[in-house]
Amino acid sequence: MTVLQEPVQAAIWQALNHYAYRDAVFLAERLYAEVHSEEALFLLATCYYRSGKAYKAYRLLKGHSCTTPQCKYLLAKCCVDLSKLAEGEQILSGGVLNKQKSHDDIVMEFGDSACFTLSLLGHVYCKTDRLAKGSECYQKSLSLNPFLWSPFESLCEIGEKPDPDQTFKLTSLQNFSSCLPNTCTTVVSNHNISHRQPESVLMETPQDTIVSFAQELNRINLESSNSKYSSLNSDSSMSYIDSAVISSDSVPLGSGTAILSKQAQNKPKTGRSLLGGPAALSPLTPSFGILPLETPSPGDGSYLQNYTNSSSVIDVPSTGAPSKKTVSRISQAGTKSVFSQSGNSREVTPVLVAQTQSSGPQTSTTPQVLSPTIAAPPNALPRRSSRLFTSDSSTTKENSKKLKMKFPPKIPNRKTKSKTNKGGITQPNLNDSLEITKLDSSIISEGKISTVAPQIQAFTLQKAAAEGLMSLLRDMGKGYLALCSYNCKEAINILSHLPSHHYNTGWVLCQIGRAYFELAEYMQAERIFSEVRRIENYRVEGMEIYSTTLWHLQKDVALSVLSKDLTDMDKNSPEAWCAAGNCFSLQREHDIAIKFFQRAIQVDPNYAYAYTLLGHEFVLTEELDKALACFRNAIRVNPRHYNAWYGLGMIYYKQEKFSLAEMHFQKALDINPQSSVLLCHIGVVQHALKKSEKALDTLNKAINIDPKNPLCKFHRASVLFANEKYKSALQELEELKQIVPKESLVYFLIGKVYKKLGQTHLALMNFSWAMDLDPKGANNQIKEAIDKRYLPDDEEPITREEQISECYPYESVGTDESQESSMTDADDTQLHAVESDEF
Amino acid sequence: MTTPNKTPPGADPKQLERTGTVREIGSQAVWSLSSCKPGFGVDQLRDDNLETYWQSDGSQPHLVNIQFRRKTTVKTLCIYADYKSDESYTPSKISVRVGNNFHNLQEIRQLELVEPSGWIHVPLTDTHKKPIRTFMIQIAVLANHQNGRDTHMRQIKVYTPVEESSIGKFPRCTTVDFMMYRSIR
């Protein structure tokens, strides 16, 4: 790479970091036209991909040879996005037909990005029905980089049971460092003009430099106050671009950071932040030199700095421009304890604090990324009550990859939002904020080299921070795993024990809500989900479960509000359309509901729940063939979607193919063994198959699992009734009457029992109660039951019924035989029904 | 003699749908007409819009044929007729016939309308007071008000009872508590 390209590349990255995709694309195209190198190709493709045009990146990369790992990775990613799974696989691992690369080969080839590559490959395998290979890839990916959550999630979803304790741990330093991008350490330090505390620390690990990216945005902010960085040519700082940085063409496999050694000369003039922050995690980004920045405007305190291997720190004097995005949340002070794992230690390492303290109250320049502070959990679990000490001044922020992954640094705005006391040591912070280790800052002047001790200390801090994060991930992983295996009670338990500031986030609450939903505790679930809506109203994942909960509870107003809100917010999300479909389904407008569910499928053909819901709608409109197809599609997309298995069972039940129904229900039960509703259904089917003993057993099991399920008791009573065990049936029903006093079915069944027992008076009483409770239902069955009772015995069934309605002061509706529904009464009496004698 | 009472309008069938006891199944049937004026045909009869209507264009009786793919239980027929807007086009005598095919129809219901002004609900029951099961329904307009030749019909809906059993052969449950546990969705 020649110096020619450096500024252009720097400019492009800067544009990318500012999401100015048009600028980035334009420049990248010019660069590529100028220099047909793979790096420029990759850069252009990255610009396309990030601006949302995966197809452009795909075609571009396909049209040219890609040999570098990052090009290949990007191309594979585009393929997967465009659903060209075979091609993606081919690129990553040599394809189905050719000799495939082993995981080790992939690790060697891709180096740092191996974990992502493997994760992508795992995704491809899972989507193409090779679950074993997929799970292998995921496992390997996790072992390479325990900070990745999505392989873990995918493993849980395909039914594997990865062990969170094993997965989320930092096995070795090697891993630790390899998780982070091998780029130069950039440290952003906040400075006041007054305080020249350029904390810049270079973390040197024994093996490797731990590189982290500082928030370039800090720098960007700096610059923006003055000059637009876009004016690349505007000043001499161009020369600051370190050509050394640009060198890396190869994958910096554990290579030292491409450090700008030349940066030692600190020319604190205009600086520009060129380094991409989270965006620039590619190994190439180091090539974008981080120019020393000078913040002309006061208050801006953060800078990205390059550090050479020699850990010379270049201090860019902060002009006090408010540094907005201070990523670092960890103040030096007492950071040690922040990362202290088991959270017992609350000791503070005062060492580092001092420095930060001294940086004074330039709060505006110390945007702290405020890590969520953990309040000590009430049950005093030994918790990583890492204390995060953020100090105002010097927050050297290191962005590590893990930071980006897990907790996008909270970017405080100009005002310092340090939640922690300024220099306060006492606040326990969440270790997650670890990412930004406040590195020990040594006062830096041009070319000064930070001492080793702080570096190592900083490194330990970093490690401790990561450990804290791991600890959190372990807990969350356990909870999620329990949920995916449908151990819902345990999942709720585990997740409730998370620290409260994590508990009160959308993701966690959604999982808990889903757990309640699977337990059929819809009231609880609704409560939790409405809390989610309150705190994160932009969240759509998980809202489909909320909409189904509301459907079960028949809360049509809430459901329609939800669906309107979601569809307004995001028309491209299947969850929103599922909610809309549920809303109309509740209003019994099945055609419209079908339309919306089909739209959900269009929006995302890999979303299993949409198929399931569509299947249910087809069942309601009696189009059983289409329903069967829908449920099968759902299973194709996600074989562990037990709702779809249930749906198939229901259809077979309707078609009276009871053994098939039982089989499908059983499959659903295998996936979700704690569902009392499923057990109840199986019981009824078994009864239909004449296996009444088994039916009773199953129903007993169901009642044991969930004593609150009234239908289980009801069906048990009906099975007992069918087996002529009237007394026990009655007993069951009496209990049920206490639980659900307004349910007409209960009285109906009681009436039937009494009829069988010969107690006609009681039977009639119950039948009439049943009819009263169900006036609009026009329950022919109930009327039949009454009529049948009387036709052989009584000559005047009608008068008898009328008598009853006189005796019992209920509002009976319509005892007139000819009436079908209360609404047609008036009409009917007017219409002259004439018997035609054409027969 | 007192003038015969006018046919009072019935409730909006949408209400009927909302009870969940019936379902509109006109979409599952093939509709045909004995005659129609261009632009005033089946689509206008089935478009859920009371402003548009079917206008016949032949000799009486005017027929609306509804043919199902399979034998369907039909509970109620709902016809919208409005004397004020249609005057002499308003049907006054309607015969409902059911059967397997065109050659097999039997009249089960005949109704007289006197200046109707809304929805007319026509329950269709067999001799045992249960909803009929049939392949085909034919609605014949035998006469119009003021002896008009052609007829307007604004909307026709066909309802089938919703079979309740999600599970078991029991009638529908009424409380939310039961319904919550009735199915997995």
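The model is predicted: local features need pLDDT of at least 70 and side-chain atom pairs pLDDT 80 or more, while totals for chains, interfaces and linings use all residues. Residues are numbered from 1 along each chain as its sequence is written, chains are lettered from A and ligands numbered from 1 in the order in which they are written, and side-chain values use heavy atoms, with hydrogens and water left out.

Chain B holds four helices and 11 strands, taken as DSSP runs (helices H or I, at least four residues; strands E, at least two) numbered from the N terminus. Its radius of gyration is 18 Å, close to the 16 Å from the globule rule for 185 residues, so chain B is as compact as a globular protein of that length. Here the radius is taken over C-alpha atoms, and the rule is 2.2 Å times the number of residues to the power 0.38. Along its principal axes, the C-alpha trace of chain B spans about 55 × 40 × 35 Å.

Turning to chain A, A:Glu518 lies in helix 20 (residues 506-518). At 8% relative accessibility, A:Glu518 counts as buried. Leaving aside residues up to four places away in sequence, A:Glu518 touches A:Tyr486, A:Cys488, A:Tyr642, A:Asn672 and A:Gln674, where contact means heavy atoms within 4.5 Å. In helix 9 of chain A, the buried residues include A:Gly134, A:Cys137 and A:Tyr138.

Technical notes:
Buried means under 20% relative accessible area, exposed over 50%, partly exposed in between (1.4 Å probe, protein chains only).
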